[in-house]
Amino acid sequence: MGAGMGRTAVRRVLAGMVVCAAALGGSVAQAASADDAIPASAGASIPGSPAEGSRPGAPVTIYLDFDGEVLEDHYWNRLAGASRLDFAPSAAATPALIQAVWASVAEDYAPFDINVTTTRPGDDRLYKTSEDDEEYGAHAIITDSDIVPEKVGTAGYGWIGGAGSEYYEGAIILPITMGGGDSTRASAKAIAEGVSHEVGHNFGLDHQGIDDGSGVQEYYAPLTGVWGPIMGQAELTPVSQWTRGDYRGANHRQDDIAAITDRSGRKDVSYDLVTDDGASYAGAVCPVGDADLADPKKGDRFQKIGARGECDGTGAALTPLFTYVDRADPAQDRVGDDASHATKLKIRQGSASVHGVIERQDDVDVFRVVAGDGELKARVAVTEVSPDLDAKLEVTDEAGRVVAEDDEPTVRESDDVATGLGAEISVQVPAGVYYLSVDGVGSGDPSKAGVEDAQGYSDYGSLGNYELSVSTAPAPSSTPSAPADGGSTGGGMLFAIVAGAAGVLVVVVIVVVLSRRRSRKD
């Protein structure tokens, strides 16, 4: 009898993976019509477009699928007991809503090297096919088909840690639940929050909840105030961000950004055992040799239980199937963090503007400007749709002295809109070199958070896109400096035009050599 015989086990699908069944919705039906999109104020745009993507060329893709999808041979098929699942498009998916959802999700994922797009990538850019495959993604299916029996009535579900896997493909978002049975009543903001939340699960995130002393709420869902966590329920607060649970009462202090960028999550996962003819097997299993059913490895062998009901080596062979999952890298910081590495802004006709991204908590984008004598004006605009960034603007001179700064408190205007996220400065300055710093900051005091109001947020998740605009008086023109020794500046040329024979003009170049006085040391 071979080594390992005599042990039996019952296969468990996806050991260590968890299904999320988010309870988003409920009060969302009170939100505006999907056609109204997310209210926007004049501000920065998300780079790119839904079709082109927010970061074309990035190795990781979040595919926002509004067109409907058919799944076969996926885990959701197994869960539903159906060989084919037809997810229809959502009636909420108007062009305005699609644009707004794309912009909001792109803003949430701006700190990462991820392209958010509504254009389906090829399978080679959506599925990870080996440990070394660096191009893969997450597939967000926005649908009104509430057809997976165990998940009926939820607003979304997805696998924790399933990004890149074809078998665990499909972060499902259900506007029909968010809209109380009518998806056209679900707001673009609610749908976008659902997408970022469920895709966050694909990248390894758990729920962010709260314990107010009377019991744990799995989802932190503030109803008032300005802020809520993406991995809680934030559709009723104007600012939603990634968090590490740094608010009072947080019951799960997962570092969202660290988890998304934890590439140790790159691995192969066994998801099935099949017979020689490819049929899935769910009965008792006999590991062969050192094979471990709880953690199968490539090359491991398993068998069906023998005819006598024992692991005696007579059972038919079973082959483990594997799928590949991964996380994402941080986006590259393209702007220096201090004066010595500042990005130079070229002032043309008195003004300049530049797009930027604050990618991490300690990121400060610094720009160098040569200003004329007079008014220096600068403005930082955050994104028009669902900004994650709360920006502070500071102006310093060449000596490092602070000339002016602006950081307004964040104030709730509605479920969708908050003021005070941008910054603006107008100051009189003498001509010279100045440095403009853009930083993501917090607001309020999250250490006083309650169930209904987070009382603010830290600078942890204050990340995202912005537009910096600058205007200034013309800088003085540079003029040649006199030699330090008082001597002349050198030689030169004089041009003369004289008449030649037959009316031909002749240019005569006269080289004038100017003497250069030199001082000598005795």
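Tutor: Begin with a loop: Gln349 lies in the one between β18 (343-344) and β19. Bear in mind throughout that this is a predicted model.

Student: What is the phi of Gln349 near?

Tutor: As a general idea, most residues other than glycine have a negative phi. Gln349 is not glycine, yet its phi is positive, near 55°. Gln455 is a further case, with a positive phi near 60°; this residue sits in the loop between β28 (443-444) and β29 (456-457).

Student: Which residue counts as partly exposed?

Tutor: Gln455 does, because its relative accessibility is 37%. Gln349 has a relative accessible area of 87%, so this residue is exposed.

Student: Over how many bridges do β19 and β30 pair?

Tutor: β19 and β30 (residues 464-472) are joined over eight bridges, in the antiparallel sense.

Student: Which strand pairs with β6 in the parallel sense?

Tutor: Strand β3 (residues 60-65) does, over four bridges. Within this pairing, Thr61 has Asn115 in β6 as its bridge partner.

Student: Which residues of β6 point one way, and which the other?

Tutor: In a regular strand the side chains alternate between the two faces of the sheet. In β6 (residues 114-117), Ile114 and Val116 point one way, while Asn115 and Thr117 point the other way. All of these residues are buried.

Student: Which residues have the most contacts inside the largest nonpolar core?

Tutor: In soluble globular proteins, nonpolar side chains tend to be buried together. The largest nonpolar core here has 82 residues, and those with the most contacts inside it include Leu64, Val101, Tyr109, Ile191 and Trp242. Helix α2 (residues 95-108) supplies the largest share of this core, seven residues. Apart from it there is another core of 15 residues, with Trp76, Val148, Trp159 and Ile172 among them.

Student: What is Tyr109 in contact with, leaving aside its neighbours within four places in sequence?

Tutor: Its contacts include Ile114 and Val116, the two residues that point one way from β6. Among the others are Ile62, Ser196, Val199, Gly200 and Trp242.

Student: How many residues of helix α5 are buried?

Tutor: 15 of its 15 residues are buried. The helix covers residues 188-202 and reaches 21 Å from its first C-alpha to its last, close to the 21 Å expected at 1.5 Å a residue. After α5 comes Gly204, with a positive phi near 100°.

Student: How many helices and strands does the whole protein chain have?

Tutor: There are six helices and 32 strands. Of the 522 residues in the chain, 50% count as buried. The chain exposes about 23300 Å², and carbon and sulfur atoms supply 49% of that area. For contacts between residues at least 6 apart in sequence, 73% join residues at least 24 apart.

Key:
Residues are numbered from 1 along each chain as its sequence is written. This is a predicted model: local features need pLDDT of at least 70, side-chain atom pairs count only at pLDDT 80 or more; totals for chains, interfaces and linings use all residues. Side-chain values use heavy atoms; hydrogens and water are left out. The expected span of a helix is 1.5 Å times one less than its number of residues. Buried means under 20% relative accessible area, exposed over 50%, partly exposed in between (1.4 Å probe, protein chains only). Two strands pair if DSSP finds at least two bridges between them. Contact means heavy atoms within 4.5 Å. Accessible areas come from the Shrake-Rupley method with a 1.4 Å probe; for residues, only the protein chains shown count as cover. A nonpolar core is a set of buried Ala, Val, Leu, Ile, Met, Phe, Trp, Tyr and Cys residues joined through side-chain atoms within 4.5 Å.
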